[in-house]
Amino acid sequence: MGKAKVLAVVPGRCRQCQRCELYCSFSHFKTHSISLASIHTVRVHGDGLSLEPSICIQCGRCMEACPVPGAMKRGAKLEIIKVTDKCTGCGQCIPACPFGLITINPDTREAVKCDCCDGDPECVKHCPYYALVYVDDDKVTELTFATRIIQR
Amino acid sequence: MKENWNGFVGNILRIDLTSKKIVKSALDGKTAQMFLGGIGYSAKILWDELKPGIDPLGPENKLIISTGPLTGTLCPGSDSWIACFKSPLTNCWGETRSGGGLGPELKRAGFDLVILEGISESPVYVWIHDGEAEIKAAVHLWGNPIPETERLLRREEGGIEAKIVSIGPAGEKLVRFASLMSEGRAAARCGAGAVLGSKMVKAIIVRGHGGISVADPEAFISVVGKVEEGQSRLPICGTREGAFGAGTMSWLPFYNKRGVILTKNGASNCWEGKGEEFYKQLKEKYVIGSRACESCTMGCGQYSKVKEGKWITPTTKGPEYETIAAFGHYILNDNVEALIYASYLCDIYGIDTISCGATIAFAMECYENGWISKKDTDGIELNWGNMDAVKALIEKIAHRDGFGKLLGEGAKRAAEKIGGEAPEIAVHVKGLEIPAHDPRGSYAGKSWAVQYGTASRGGCHIHPQEPSVLIGYYGRLGFKESDWPGITEPLKPEGKGKIVKWTQDYGNAVECMGICKFHSFTSPAITPAEYAAMISAATGWNISSEELFKIGERVSNLQRCFNAREDIRRKDDYLPKRLCQVPAFGPYSRVPETAITREDLDAMLDEYYEARGWEKETGIPSSQKLQWLGLSEEAKQLSKYLS
């Protein structure tokens, strides 16, 4: 089995600037829109400060929930799940996403889902606080665990 | 015909609170090209629509919440929303800005500007969502402090993603320095909270799902990428210690040493050792995390918490540099826990910390001099550094109770009421209390004197702009020392007028675009040329950096016209006596050059007016200047009013 790369969050670094969301919508749709982004920073009002952004881990629940054959496909190389033009915008994938990251683009009536920018995620490249990484999936535990230890 | 807007979303929302009428209209293309958005567009509206001499807390005053064409985009720091109005504190031009997410959210909801006019009979809040607006009853919210208001409101509209701006009890009670609060951040100065309170508007809650598009995405993103990369290499960006990323509090050690922090109601400009100590204690014990405003690469917002003891607080935003100075240096308090508590109280009641700290410091000096006694202060012992007294006073000010009624009027009005020599020790310009950037210090020095005197909203360090943006970084902006005479000599009056004119124009331009001014300190990553490139790519208009400065100058002039109509003249542009004297104690008390004589002030103001093209005797913009700026109609109206 080929090695998969995944998007991961480095704990404790996110400052909720939302530039990842803006970059996500800008690179895909050429507009600055939080609702068209496939990554979301979690803003909590009040006491909680150390919340990590919600990211797509390509778990595949959206694909399982999708009733249209071929509307969602998992790529061979990087295991990224992509929405194809067969999507009807039925919205079955929206409640299936455990992270609440899928929306329907009101213009095209197609599901909007993280495609990891085909292996070169804009959100990772442009995070000013180095809170996001795109690494081999067996490195994630090591990385986040190490960061947690350092933070203690 | 509908214009195709880029950068802007192209709509104005006008809410008449008297008749409960809501009108949506299109942005005017010509005005937008002349002024961009923010304070510029608002200045034009207020100039056209406000009558001179109106009561700032009456039904004729209007409050505009505005954004700029770059607000909500990927331009770093594009998080600004700016409220413009006639200030109840200064009776002239009032503007106050904050970050967070309200500005971008307003644009995503489909509006560049929201104009509030008239007065509601009963408490209301305004719910703005995706191109629609509603006025709703807020009787149940009235009287609540800010966090509770936000919590209750979120249950009713918008949920967790909605952005709220609200006023606390201080705004409701028309405290003249009440603030607007949004996401723990404050747009505090000039008493915007009181204006909203007078209109009986408790809160505005916004939620939008739209997008903000730009004219030339490729060009735009390539400049943004370049700027980002440049910023990441600068020592003042990112998460580094002693940088913006460590919060404004990290300036304390440097500023204290350079004599920039007003101490003991401005008697001195340095409290030896305390700046360093405050910063160390805060960083080690109380700061628990930081947050950025939307789209910001600096992330300066620090959060702190006092976990136990007498001054226990929940997690609270701040304290910021100015607040630490106001509740530390100004009133000679060295208890950091009490300082955080005071900051927290001001935040939940919606009070400007700078004006509050400065007014309390003024009252303390009056008490020390025996001009007021325990009888006047409701039995409170107003000794220097007495934080129990400060806590009681903040409560009294917020609720307009007893002695708080007098202090809630601000230092200028309180001094006039107390009478005698009291007005001599009130540290303000045009009624706005002076923040912690002392003109007697060795950083930007006497430039502050000109900036405080001539800023449209009164004694303010950052509106339109800090002179240090040029003084500290002129090399990186591409200038040579010889271009700006006197730039390396902070305590000499030469050259200060010209420096301040340049920085003010720059600051105004940045404000009109809807960007946080901290980012203009990140030269050479961002210089006026980068801003020009970004604004051109975003709007699709060809705007050079010279044109950007002209826009900034236009705004300064129109605001000055607004102030001239409110009878502001040269005489109102002078620094308070207190800040012209050599510091009474501290290292700078041995430096006689710190004194600012009347001749110095006159020379600096002359130079400034000359650079601006204003009449030297009166400080009113000349009609030639206004015509050159394309403000001939305004020039006519002004001369008609003056004659």
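The legends below describe close-up views of a predicted model.

**View 1. Chain B as a whole, with its secondary structure and its overall dimensions.** The secondary structure of chain B amounts to 24 helices and 17 strands. Its radius of gyration is 23 Å, which is close to the 26 Å that the globule rule gives for 643 residues, so chain B is as compact as a globular protein of that length.

**View 2. The domains of chain B, and the contact between domain 1 and domain 2.** Chain B is divided into domain 1, which covers 11–207, domain 2, which covers 238–433, and domain 3, which is made up of 447–524 + 544–642. Between the C-alpha centres of domain 1 of chain B and domain 2 of chain B there are 26 Å. In the contact of these two domains, 35 residues of domain 1 of chain B meet 26 residues of domain 2 of chain B. On the domain 1 side, the elements that give two or more residues are α4 (146–156), α5 (169–172) and β11 (185–187) of chain B, and the largest share, three residues, comes from α5(B). Sorted by class, this side of domain 1 of chain B holds 18 nonpolar, twelve polar and five charged residues.

**View 3. The contact between chain A and chain B, with a loop residue of chain A.** Chain A gives 24 residues to the contact, and chain B gives 29 residues. Of the elements of chain A, helix α1 (residues 19–29) supplies the largest share of the side that touches chain B, namely five residues. By class, the side of chain A that touches chain B consists of nine nonpolar, ten polar and five charged residues. Q18(A) lies in the loop between β1 (5–9) and α1 of chain A, and its phi is near 70 degrees, a positive value in a residue other than glycine.

**View 4. The open sheet of six strands in chain B.** The strands follow the order β2-β1-β6-β3-β4-β5 (chain B), and their pairing is mixed. At the edges stand β2 (21–26) and β5 (93–98) of chain B, each of which pairs on one side only, while the twist from one strand to the next averages 15 degrees. Strand β4 (residues 81–86) of chain B runs antiparallel to β5(B), and six bridges join the two. Within β5(B), S98(B) is the residue that stands opposite W81(B).

**View 5. The open sheet of three strands in chain B.** Here the order is β13-β14-β15 (chain B), and the pairing is antiparallel. The edge strands, each pairing on one side only, are β13 (287–291) and β15 (316–317) of chain B. Four bridges link β13(B) in the antiparallel sense with strand β14 (residues 301–304) of chain B, and G301(B) in β14(B) is found opposite R291(B).

**View 6. The packing of helix α11 against helix α13 in chain B.** The axes of helix α11 (residues 336–349) of chain B and helix α13 (residues 387–398) of chain B come within 10 Å of each other and cross at roughly 5 degrees. Angles under 35 degrees count as roughly parallel, and α11(B) and α13(B) are therefore roughly parallel to each other. From α11(B), the residues that make the contact are A338(B), Y341(B), A342(B), L345(B), C346(B) and Y349(B), and from α13(B) they are M387(B), V390(B), K391(B), I394(B) and A398(B). By class, the contact of α11(B) with α13(B) has ten nonpolar, no polar and one charged residues.

View 7. P524(B) belongs to the loop between α19 (496–513) and α20 (528–539) of chain B.

Key:
Residues numbered from 1 in each chain as written. Chains lettered and ligands numbered in written order. Predicted model: local features only at pLDDT ≥ 70, side-chain atom pairs only at ≥ 80, totals over all residues. Domains from an automatic or database assignment. Contact = placed C-beta atoms within 7 Å. Nonpolar A, V, L, I, M, F, W, Y, C, P; charged D, E, K, R; others polar. Pairing = 2+ DSSP bridges. Axes fitted to C-alpha atoms, helices over the stretch in contact; angles between N-to-C directions. Parallel < 35°, antiparallel > 145°, perpendicular 65-115°, else oblique. Rg over C-alpha atoms; globule rule 2.2 N^0.38 Å.
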